[in-house]
Amino acid sequence: LNNLLESIASNNKILKDLFIDENRRKNYQEYILRFFALRNFQEYSSSMNKTMNNFMATYQNADEDKIKELKDSFNRTIDIIKQVFGNDAFCAYDRQKGKYMNKFSGSIYDSITVACSMFNTHDLMAHADDIRDCIQDMKKNNTEYQEYTYAATGSKNRVVGRIMMVYHAISKIIGKH
């Protein structure tokens, strides 16, 4: 699993655009691990670190098929997110300044990546404009989503809440669960 995290972080060229930063102190690897660990968000433990550690312990010696499945899932998801949302996919909206911040938000990343990973690429692309508009509107105007992605973002209620808000929004647009 460590090799997989390193490989994706080194080889996926769109991460720099979406993470809006260089890979200092293995940030990319942490974000990739967050994605994997939160895909089964119903089992989220009491903290992000515990959840990621539990995932690492479970899959540290995963077989080649599982590693390929994880790699394909992450790369497919991140690719479609870049296409649907563009480089500011994981940026929060600053209501006081009336514009998107040019800064990566881990909580927005969680909500979008995990939710998008639950849908097939064709459905997401077929509804890309509506999905992008809906999520941008959530970032700008939905106070509940803003709270879930702004303060105390590691609580189970907020982690599950923000993922489910994006999931339900996309599900409603696509018409599939």
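**Close-up views of a predicted model**

**Figure 1. Burial of helix 6.** In helix 6, the buried residues are G106, S107, I108, Y109, D110, S111, I112, T113, V114, A115 and C116. The helix is therefore mostly covered, with 11 of its 11 residues buried. The model shown in this and the following views is predicted.

**Figure 2. Packing of helix 6 against helix 10.** Two packed helices are described by the angle between their axes and the distance between the axes. Helix 6 (residues 106–116) packs on helix 10 (residues 156–174) at an angle of about 45°, and the two axes are 8 Å apart. This angle makes helix 6 oblique to helix 10. The crossing in which helix 6 passes helix 10 is right-handed. On the side of helix 6, the contact is formed by S107, D110, S111, I112, V114, A115 and C116; on the side of helix 10, it is formed by R162, I163, V166, Y167 and I170. Sorted by class, the contact of helix 6 with helix 10 comprises 8 nonpolar, 2 polar and 2 charged residues. The residues that helix 6 brings to this contact, including D110, are also listed among its buried residues.

**Figure 3. Packing of helix 9 against helix 10.** Helix 9 (residues 143–150) and helix 10 have axes that come within 9 Å and cross at roughly 135°. Helix 9 is accordingly oblique to helix 10. Here the crossing is left-handed. Helix 9 contributes E144, Y145, E147, Y148 and T149, which meet N157, R158, G161, R162, M165 and V166 of helix 10. By class, the contact of helix 9 with helix 10 holds 4 nonpolar, 3 polar and 4 charged residues. R162 and V166 of helix 10 take part in this contact and also in the contact with helix 6.

**Figure 4. Packing of helix 8 against helix 9.** The axes of helix 8 (residues 128–141) and helix 9 cross at roughly 80° and come within 6 Å. Helix 8 is thus roughly perpendicular to helix 9. M138, K139, K140 and N141 of helix 8 meet T143, Y145 and Q146 of helix 9. The contact of helix 8 with helix 9 has, by class, 2 nonpolar, 3 polar and 2 charged residues.

**Figure 5. The aromatic pair F36 and F74.** A pair of aromatic rings is described by the distance of the centres and the angle of the planes. The structure holds 17 aromatic pairs. One of them is formed by F36 and F74, with 6.2 Å from centre to centre and 65° between the planes, and is edge-to-face. F36 belongs to helix 3 (residues 27–38) and F74 to helix 5 (residues 64–85), so the pair ties together parts that are 38 residues apart in sequence. F36 counts as buried at 3% relative accessibility, and F74 counts as buried at 1%.

Figure 6. F90 and F104 belong to one aromatic cluster together with F19, Y28, Y31 and Y109. Y109, a member of this cluster, is one of the buried residues of helix 6.

Figure 7. Most residues other than glycine have a negative phi. R25, although not a glycine, has a positive phi of about 50°. R25 lies in the loop between helix 2 (15–19) and helix 3 and is exposed, with a relative accessible area of 77%. K26 also has a positive phi, near 60°. K26 is placed in the loop between helix 2 and helix 3; at 47% relative accessibility, K26 counts as partly exposed.

**Figure 8. E64 and S46.** E64 is found in helix 5 and is exposed, with a relative accessible area of 72%. E64 and S46 are 18 residues apart along the chain, and their C-alpha atoms are separated by 30 Å.

Technical notes
Residues numbered from 1 in each chain as written. Predicted model: local features only at pLDDT ≥ 70, side-chain atom pairs only at ≥ 80, totals over all residues. Heavy atoms only, no water. Axes fitted to C-alpha atoms, helices over the stretch in contact; angles between N-to-C directions. Helix = DSSP H or I, 4+ residues; strand = E, 2+ residues; numbered from the N terminus. Parallel < 35°, antiparallel > 145°, perpendicular 65-115°, else oblique. Left-handed = near helix turned anticlockwise from the far one by under 90°. Contact = heavy atoms within 4.5 Å. Nonpolar A, V, L, I, M, F, W, Y, C, P; charged D, E, K, R; others polar. Phe/Tyr/Trp six-rings, centres within 6.5 Å; stacked < 30°, edge-to-face > 60°. Buried < 20%, exposed > 50% of the residue type's maximum accessible area, 1.4 Å probe, protein only.
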